[in-house]
Amino acid sequence: METKIVYSQLSMKNNDETNPQLDLNNLEKMKVPPVSQKTGLIPRSIGRTINRITADFSPQAEEQFIKNFQFSSNRSRIALRFLLMLVIVPLLTQEFSKQFLFIPVVKQIRSENTPKIFLNSEMEEEALRELKFFEGKLKFEQIIRKSPPLSPEVIEEKLQRKANDIAQAYWEKSNIAISNIFADILSLIAFALVVVTNKESIEVVKSFIDEIIYGLSDSAKAFLIILFTDIFVGFHSPHGWEIILEGLAEHLGLPANREAIFLFIATFPVILDTIFKYWIFRYLSRLSPSALATLKEMDE
């Protein structure tokens, strides 16, 4: 209900001066223009200052201040609640569906139809390294502690138990990886449903974000821009992309193809950097010239 009220305040025209909820004449004063809006002959900051001074001297200034506060409070609450829903609903959907639906089904199917433990060769190689490390650890402990050497039968028995433990661990890991694929698809569907069923909240979030962006100082804007570019397209970004892609491959039980990862790193950050530089040239120079100047000084 709050979403509909705030959305109507953002979108409906003022047809009734006596209805406080539809009094858009004053609510529009606190609505921040979108980031992509073009500038006119007179800077928007001067126009906003004049409008604010005029509104302060009006007889209804106190009443309008209360209305603006209530509107801003409702908008912030709706925006934050919707953003939390975008994060919490997919995460809960992914976790609960994986634990209570997909993992039991995958375990049942794999235990009945296939004896295969590993999903790819990398998992098998990692398991072999663990077994070799355990065998070397046994020999190392005998040398360091100078204990009586173990018989080949005892060593074989220990290796057999360790191999069984490793096989069981990787069988569980494979089941989780397969379940992650289906659970992730279901979480994306849940995310899409949240977006489709809350279109009015999206408009409120846009207004909320625009107000936050315009409320930042030029130094803060430049700092965030430099932070974003250095993380995703900067000098150290290839290491971060490599970790993300390897983690994603492990999450889905896929082999981490080094050639594919390096090809992605060689192309996607470059494309992202080009898009970002075009955005700075096309929009930031008109929306906030002072922020652009601050960005250049900080970048140098």
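Helices, in the sense used here, are DSSP runs of H or I that are at least four residues in length, numbered from the N terminus. In this predicted model, the secondary structure of the protein chain comes to 11 helices and zero strands. Of the 300 residues in the protein chain, 27% are buried, and the chain exposes about 20400 Å², of which carbon and sulfur atoms supply 65%. Among contacts between residues at least 6 apart in sequence, 75% join residues that are at least 24 apart.

Helix α4, which spans residues 61-113, contains F100. With a relative accessibility of 63%, F100 counts as exposed, and this residue belongs to a nonpolar surface patch that is formed together with L84, V87, I88, L91, L92 and F96 and that has about 740 Å² of accessible area. Helix α5 (residues 121-145) has 25 residues and reaches 36 Å from its first C-alpha to its last, close to the 36 Å expected at 1.5 Å a residue. Its buried residues are M123, A127, L138 and Q142, and the buried residues of α5 pack against α6 (152-196).

Helix α9, made up of the 16 residues 237-252, reaches 23 Å between its first and last C-alpha atoms, close to the 22 Å expected at 1.5 Å a residue. The buried residues in α9 are S237, W241, E242, L245 and A249. Seen down the axis of α9, these buried residues fall within an arc of 135 degrees, and they therefore line one face of the helix. The cover over the buried residues of α9 includes α8 and α10 (258-287), whereas the face turned away from the buried side carries the exposed residues H239, I243 and E250. Just after α9, G253 takes a positive phi of about 75 degrees.

When residues up to four places away in sequence are not counted, S237 touches D230, I231 and F232. I231 is found in helix α8 (residues 218-232) and, at 48% relative accessibility, counts as partly exposed. The C-alpha atoms of I231 and W241, which are 10 residues apart along the chain, are separated by 9.4 Å.

A search of the whole structure finds eight salt bridges. One of them pairs E157 with R161, the closest N and O atoms being 3.0 Å apart; as these residues are four apart in helix α6, about one helical turn separates them. Both counts of accessibility are intermediate, in that E157 is partly exposed at 47% and R161 is partly exposed at 43%. Another salt bridge joins E250 to K173, with the closest N and O atoms 3.4 Å apart. Because E250 lies in helix α9 and K173 in helix α6, this pair ties together parts that are 77 residues apart in sequence. K173 counts as partly exposed, with a relative accessibility of 27%.

In helix α10, D273 and K277 lie four residues apart, about one turn of the helix, and form a salt bridge in which the closest N and O atoms are 3.2 Å apart. K277 counts as exposed, at 52% relative accessibility.

Conventions
Residues numbered from 1 in each chain as written. Predicted model: local features only at pLDDT ≥ 70, side-chain atom pairs only at ≥ 80, totals over all residues. Heavy atoms only, no water. Helix = DSSP H or I, 4+ residues; strand = E, 2+ residues; numbered from the N terminus. Buried < 20%, exposed > 50% of the residue type's maximum accessible area, 1.4 Å probe, protein only. Expected span 1.5 Å × (residues − 1). Arc of directions from axis to C-beta. Contact = heavy atoms within 4.5 Å. Patch = residues over 30% accessible without salt bridge, like charges linked within 9 Å, V, L, I, M, F, W, Y side chains within 5 Å. Areas by Shrake-Rupley, 256 points an atom, 1.4 Å probe, with all protein chains shown as cover. Salt bridge = Lys/Arg side-chain N within 4 Å of Asp/Glu carboxyl O.
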